[in-house]
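The following account leads from a pocket to the ligand site and then to the fold as a whole. Please keep the sequence and the structure in view while reading.

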Amino acid sequence: MRLPVYAHGLDHPLRVYGHDAVVRKCREAVGRPDAERLIIQRIQPFETVDTGTALVTALPANHDPDETCLLFYMEKDGKSIFYGHDTGLLPEETWVWLTNHKLDLAILDCTNGNLPFTGSHLNIEAVLAIRNRMQEEGILRPEGKTVVTHFSHNIGLLHDELRAIFDPEDIIVAYDGMMLYLN
Ligand SMILES: Nc1ccn([C@@H]2O[C@H](COP(=O)(O)O)[C@@H](O)[C@H]2O)c(=O)n1
């Protein structure tokens, strides 16, 4: 929708960042539009990009072995977030990088709920293991929060049931429209 005929009066380009496969798919869909309309930028693991509103570092995910799937560490106004969706247990190289950084918020997928761990997405047990390791290794600040999201309908757990599991663990269960403020 940033292409000629559809979009008019643009005052800035839309920037899309992604790994090699994402860039390839974008190119197949839109080709190479004018840079005033759309800028597609390939990013590499461990590369930090200044998006203009935040510093974003791509980190390896454990999702599809045929692609360079990514997770993101974002810094803005002195706060930092780990956006850890769509991954199995974190690759050790991601842990090593995180060990030298601090988090105010970790957002993790909990696709599989109480179902068995599949390797490319997390379940409750895996979420707890990651959050606990982040605390033990001092990656998550003492006042840092953890949010779980990305629940599959296949897990058969409603919001209240997820809260019954995660509230005692001090983990926040996300919902549509949720807004979080980091003070
Ligand atoms: N951590 C991730 C996860 C996924 N991707 C990209 O999204 C595509 C679709 O994901 P599925 O959950 O449907 O497998 C996947 O092929 C990747 O291109 C990613 O970049 N990082």
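In this predicted model, the largest pocket holds about 160 Å³ of space. Its lining consists of Ala54, Met74, Glu75, Lys76, Asp77, Lys79, Ile81 and Leu182. The greatest contribution comes from β5, which provides three residues.

The ligand may be considered next. Which residues surround the ligand? The shell is formed by His19, Ala61, His63, Glu67, Cys69, Leu70, Leu71, His85 and Asp86. In terms of class, four residues of this shell are nonpolar, three are polar and two are charged.

Several polar atoms of the protein can be located relative to the ligand. On the side-chain part of the shell, histidine 63 places a polar side-chain atom 2.8 Å from an oxygen atom of the ligand. The backbone takes part as well: a polar backbone atom of aspartate 86 lies 2.9 Å from a nitrogen atom of the ligand, and a polar backbone atom of histidine 85 is found 3.5 Å from a ligand nitrogen atom. Taken on its own, the ligand has 450 Å² of accessible area, of which the protein covers 59%.

The wider fold provides the setting for both sites. The protein contains four helices and nine strands. Read from the N terminus, the order of elements is β-α-β-β-β-β-β-α-β-α-β-α-β. Along the principal axes, the C-alpha atoms occupy a box of roughly 50 × 35 × 30 Å. Of the 183 residues in the protein, 38% are buried.

Leucine 122 is situated in the loop that lies between β7 (103-109) and α3 (124-136). Is leucine 122 buried or exposed? Leucine 122 counts as buried because its relative accessibility is 0%, and the cut-off for a buried residue is under 20%.

Key. Residues numbered from 1 in each chain as written. Predicted model: local features only at pLDDT ≥ 70, side-chain atom pairs only at ≥ 80, totals over all residues. Heavy atoms only, no water. Near = heavy atom within 4 Å. Polar contact = N/O pair within 3.5 Å; in protein donor to acceptor, adjacent residues only side chain to side chain. Areas by Shrake-Rupley, 256 points an atom, 1.4 Å probe, with all protein chains shown as cover. Nonpolar A, V, L, I, M, F, W, Y, C, P; charged D, E, K, R; others polar. 1 Å grid on protein atoms, 1.4 Å probe; cavity = no way out; pocket = protein on both sides within 12 Å on 5 of 7 lines; lining within 4 Å. Points joined across faces, edges and corners; volume = space filled by probe spheres on them. Helix = DSSP H or I, 4+ residues; strand = E, 2+ residues; numbered from the N terminus. Buried < 20%, exposed > 50% of the residue type's maximum accessible area, 1.4 Å probe, protein only.
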